[in-house]
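Trainee: I'm new to this one. Could you pick a single spot, take me through it closely, and then show me how some of the helices pack?

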Amino acid sequence: MGVAAIIKVLIVEDEQPIRDLIALHLSEAGYKCQTAADGAVGVRKIENEKFDLILLDIMMPEIDGYELLEYIRPLDIPVIFVTAKHTLQDKVKGLRLGADDYLVKPFDMIELLARIETVLRRYHKTERRARYGDVEIDFEAHRVTKSGQPIYLTAKEFGLLALFVKHKNIALFRELLYERVWENEYDGDSRTVDLHVQRLRRKLGWDNVLVTVHKVGYRLEAPK
């Protein structure tokens, strides 16, 4: 995914499997990621480099997430807490200290990506363009070209395309696709989603890369 303005994300998380998993999925979605295994390393990275967003665990050695948030807050960098601390009091404390959002572990990667997009939109830092192979997408203008030639998509087809490109290699449930694109509650009838995906495949020539996931939905394979 080629992004017009690369969004740089710092992931401060002391559990390596979670840290690596988040970095993998965000990198596939087009974000440039750096990681820190504790709050002290996070401080050093923030001092030496500019970030557009910070994902922050709370319970960490050296400097915990609450302390690190106090350091970040004057820098005007959006912060999302990603933490196992799950009580209402924990969430209220995190938001009152200045976090822009609060996500409890375990979480679905799709939800994390959606929350990141929402926070970045609030700060006017969302990506404006993306590329997948020979297909270029302008999210602001709702314009798509393939090998330089315009491809005319309906609003629903464009909405599906945006979801697939932003979540490459992730199986997206038909229910999620319907609720995000049609902005309505899914009624269990998959024909509407299936027909629109078929048309999108045909228009973009994506029969081999926009694959059907049995009993789930669809997945856009990352380009080789």
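Mentor: Helices (H or I, at least four residues) and strands (E, at least two) are DSSP runs, numbered from the N terminus. This is a predicted model, with local features needing pLDDT of at least 70, side-chain atom pairs pLDDT 80 or more, and totals for chains, interfaces and linings using all residues. Residues count from 1 along each chain as its sequence is written, and side-chain values use heavy atoms, leaving out hydrogens and water.

Our spot is Lys105, in the loop that links strand 5 (101–104) to helix 5 (109–122). Lys105 counts as buried because its relative accessibility is 14% (buried is under 20%, exposed over 50%, partly exposed in between, with a 1.4 Å probe and protein chains only). Setting aside residues up to four places away in sequence, Lys105 touches Glu13, Glu15, Ile18, Asp57, Val82, Thr83 and Ala84, where touching means heavy atoms within 4.5 Å. With Glu13 there's also a side-chain to side-chain polar contact at 2.7 Å.

Now the helices. Helix 2 (residues 39–48) packs against helix 3 (residues 65–72) at about 15°, with the axes 10 Å apart, so the two are roughly parallel. Gly39, Val43, Ile46 and Glu47 of helix 2 meet Leu68, Tyr71 and Ile72 of helix 3. Elsewhere, the axes of helix 6 (residues 155–166) and helix 7 (residues 174–181) come within 10 Å and cross at roughly 125°, which makes helix 6 oblique to helix 7. Angles under 35 degrees are roughly parallel, over 145 roughly antiparallel, 65 to 115 roughly perpendicular, and the rest oblique. Lys156, Gly159, Leu160, Leu163 and Phe164 of helix 6 make that contact with Leu177, Arg180 and Val181 of helix 7.

Conventions
Polar contact = N/O pair within 3.5 Å; in protein donor to acceptor, adjacent residues only side chain to side chain. Axes fitted to C-alpha atoms, helices over the stretch in contact; angles between N-to-C directions.
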